[in-house]
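Please look over the structure below before reading the notes.

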Amino acid sequence: MKNWSLRIFYIGFLSLLLAACGGGHDSPYVAFSSVLTGREVVPAVASNGFADAVATVDTNSMTLLATVVVSGVAATDVHLHIGRVGTVVPPAFGFGNVPGTALWTLNIALTQAQMDALWNGDFYIDVHSAAAPAGEIRGQLLDFFPSFEQVDTLARVRQQSPLVEEQLRQLRDIEDEEDGWRFGGVGFTVGF
């Protein structure tokens with residue numbers, strides 16, 4: 001009986017130790033997301049368009065990968081700005097369009113100051129159009145894991161850019177670290 005109690009103690013102790021250490025898996029990736037709408041533009045714009053934006057950051061190399069999938073807007077430009085909610089500042093980075101698609105991508109190295117601004121919620125993305133050259137839809141990039149719908153959108157456009165495939169890999173790595181809790185314990189394998 002004494003042996004059995006000791007075994008239970010050690011199993012419990014090791015389980016707590018592994019949980020405290022993250023189970024031995026420390027993903028270097030973090031995810032940010034946003035839904036862009038006309039309501040977020042300063043001043044607000046009446047638009048039926050929207051876009052899903054997903055960003056992942058490799059915290060080791062401080063590399064940001066970002067994708068924007070636009071719907072209902074004939075986008076002419078997409079920019080990443082370093083600015084707070086409700087402010088208007090010049091663009092810091094421009095996205096590139098995958099020709100013939102609604103997919104816009106960005107791959108940049110961040111400075112520590114830019115990384116701090118991102119963590120503070122001080123990055124926003126806006127989509128410009130011929131109808132609204134100053135910006136038709138906008139969204140603040142926040143520290144939220146992408147919704148199931150946003151991940152599904154990425155999965156649908158994965159063939160359009162290797163950057164999307166890399167982002168999906170990074171999201172899977174984050175999801176593995178969290179043991180699949182975000183989507184009911186099954187992970188986001190739909191569409192993969």
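The model is predicted, so local features need pLDDT of at least 70 and side-chain atom pairs pLDDT 80 or more, while totals for chains, interfaces and linings use all residues. Residues are numbered from 1 along each chain as its sequence is written, and side-chain values use heavy atoms, without hydrogens and water.

**Aromatic pair**
- The count is 1 aromatic pair, where rings of Phe, Tyr and Trp (its six-membered ring) pair if their centres lie within 6.5 Å.
- The rings of Phe-32 and Trp-119 have centres 5.3 Å apart and planes at 65 degrees, so they are edge-to-face (planes over 60 degrees apart; under 30 is stacked, the rest tilted).
- Phe-32 lies in strand 1 (residues 29-36) and Trp-119 in helix 2, 87 residues apart; helices (H or I, at least four residues) and strands (E, at least two) are DSSP runs, numbered from the N terminus.
- Phe-32 is buried, at 0% relative accessible area, whereas Trp-119 is partly exposed at 39% (buried is under 20%, exposed over 50%, partly exposed in between, with a 1.4 Å probe and protein chains only).

**Helix 2**
- In helix 2 (residues 112-119), the buried residues are Gln-114, Met-115, Ala-117 and Leu-118.
- Seen down the helix axis, these buried residues fall within an arc of 160 degrees, so they line one face; the arc is taken from the directions from the axis to the C-beta atoms.
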